[in-house]
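Below is a short briefing on one protein chain.

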Amino acid sequence: MPSDPVQALAQEPVDHRFKGLPPDAGQAGLTVGELTAERRSLYTGGFTTPVLTLDAEALSHNLAALGTYAERHGLAFAPHGKTCMAPQLFHRQLEHGAWGITAAVPHQARVYRAFGIQRIFLANELVDAAALRWVADELAADPDFRFVCYVDSVRGVQLMDRALTGRSRRVDVVVELGAGEGARTGARSDEDCRAVADAVAGTDTLRLVGIAGYEAEVPGADPDSVHAYLRRLTGLAAEFDKAGRFEGVEEIVVSAGGSAWFDAVADVFAEIPELSRPVLKLLRSGAYVSHDHGWYTRLTPFNRVPEEGGLRPAFRLWTQVVSRPSPTQAFVNAGKRDIAYDLGLPEAELVRDPLTGAERPATGIRVLKLSDQHAWLETDSAEDVRVGDWVALGMSHPCTIFEKWPLIPVVEADGTVTEYVRTFF
């Protein structure tokens, strides 16, 4: 492993693996670092469409916003890395005060470790024997590595114990409380949670360190039901502590918080009574890093508490009109292979004339549907767009936007590309 694997990303060649980057940079054998140093213009520097970009100012704003919010409310923060799978952004999140990075599956944790992440919260029950052995090896090799994962069943505890028998360090676990019948994962009842905790106590391989859950899965989630679920979660933590279930741990982990209800998490976690040990109140929001132009724009808690701050959409997908067969129909050269569409179709934002550089709002332009490599546009007027125009699209759901682009230019307001963010999906 390089001494600084994040900086080593700059040594990658700019080649055919990366969509939208200037072909001449690849022909010249430039590395990512060398292309970065050239500070090319997105619009005149040879970039090809479609090309996904991140707005430098919005990205910096969002990174600071959640770091500030967590600090203001006394929360530790382990943003969910599955959103971006971008080590450069992980380290910027850590620089803004993040405790560690959350993962969902073992592959993600392996990427994190390859890029030096020392604290990983895996928000899933981990029962894959090979993955557990890898975790055990990482813990044995690095005494400073902290790893925590869910348990939500007695059977899961048994499988984990079997895979970890004979290992030198116990694996820290938190019992996941399910958000209700019909929700996603997690032990459904308080009694089920107690049974899982009892099973953990009966092993020599696992150590119970807390309680966790995911409030967005509450059926018909609204402020009252989400607060009630979170109070069940914190109540179980207090009950387990009183029963001596956290004996020997340095701190008690209580964790929740996606990107839709972190205000409720802050409210309820502020109510946690004094326990026998310090409490790590761990928030796990991930989509904030880039935000979006639809789904999370509507869902963000900052809509309910605007005085606390706000987030800005950082993504913009620049496409180009390649066909204008009628006054009401146009096609751009990006489709399902390039565009996130699982939470709604993209929205046309801007039109840019490639000859003059003039930009105007994409008034009268709507995305009707997507093919593999085309977006179908409906237009009000024959003058709305012309063949060759660049059309910027805003999209919903950061997780499925990031995953389609392995190298993403970060762009200043004047179009200068100052960085390239590498993703690992």
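Of the 425 residues in the protein, 55% are buried. The model is predicted. It contains 13 helices and 18 strands.

**Overall form**
- The C-alpha trace spans about 70 × 50 × 35 Å along the principal axes.
- Among contacts with a separation of 6 or more, 70% are between residues 24 or more positions apart.
- Carbon and sulfur atoms hold 49% of the accessible surface, which totals about 17,500 Å².

**Charges**
- There are 42 positive and 58 negative charges, and their mean positions lie 3 Å apart.
- The structure has 30 salt bridges.

**Selected salt bridges**
- Glutamate 308 and arginine 72 form a salt bridge with an N to O distance of 2.5 Å. The two are 236 residues apart: glutamate 308 sits in the loop between helix H12 and strand S10, and arginine 72 in helix H4.
- Glutamate 308 is buried at 18% relative accessibility, whereas arginine 72 is partly exposed at 46%.
- Arginine 232 pairs with aspartate 190 in a salt bridge, with closest N and O atoms 2.7 Å apart. Arginine 232 is in helix H10 and aspartate 190 in helix H9, so the pair ties together parts 42 residues apart in sequence.
- Arginine 194 and glutamate 191 form a salt bridge at 3.0 Å; they are 3 residues apart in helix H9, which means about one helical turn separates them.
- Arg146, Asp172, Arg207, Glu250 and Glu251 belong to one network of salt bridges with shared partners.

Notes: Residues numbered from 1 in each chain as written. Predicted model: local features only at pLDDT ≥ 70, side-chain atom pairs only at ≥ 80, totals over all residues. Heavy atoms only, no water. Helix = DSSP H or I, 4+ residues; strand = E, 2+ residues; numbered from the N terminus. Buried < 20%, exposed > 50% of the residue type's maximum accessible area, 1.4 Å probe, protein only. Contact = heavy atoms within 4.5 Å. Areas by Shrake-Rupley, 256 points an atom, 1.4 Å probe, with all protein chains shown as cover. Lys, Arg positive; Asp, Glu negative; His and termini not counted. Charge placed at Lys NZ, Arg CZ, Asp CG, Glu CD. Salt bridge = Lys/Arg side-chain N within 4 Å of Asp/Glu carboxyl O.
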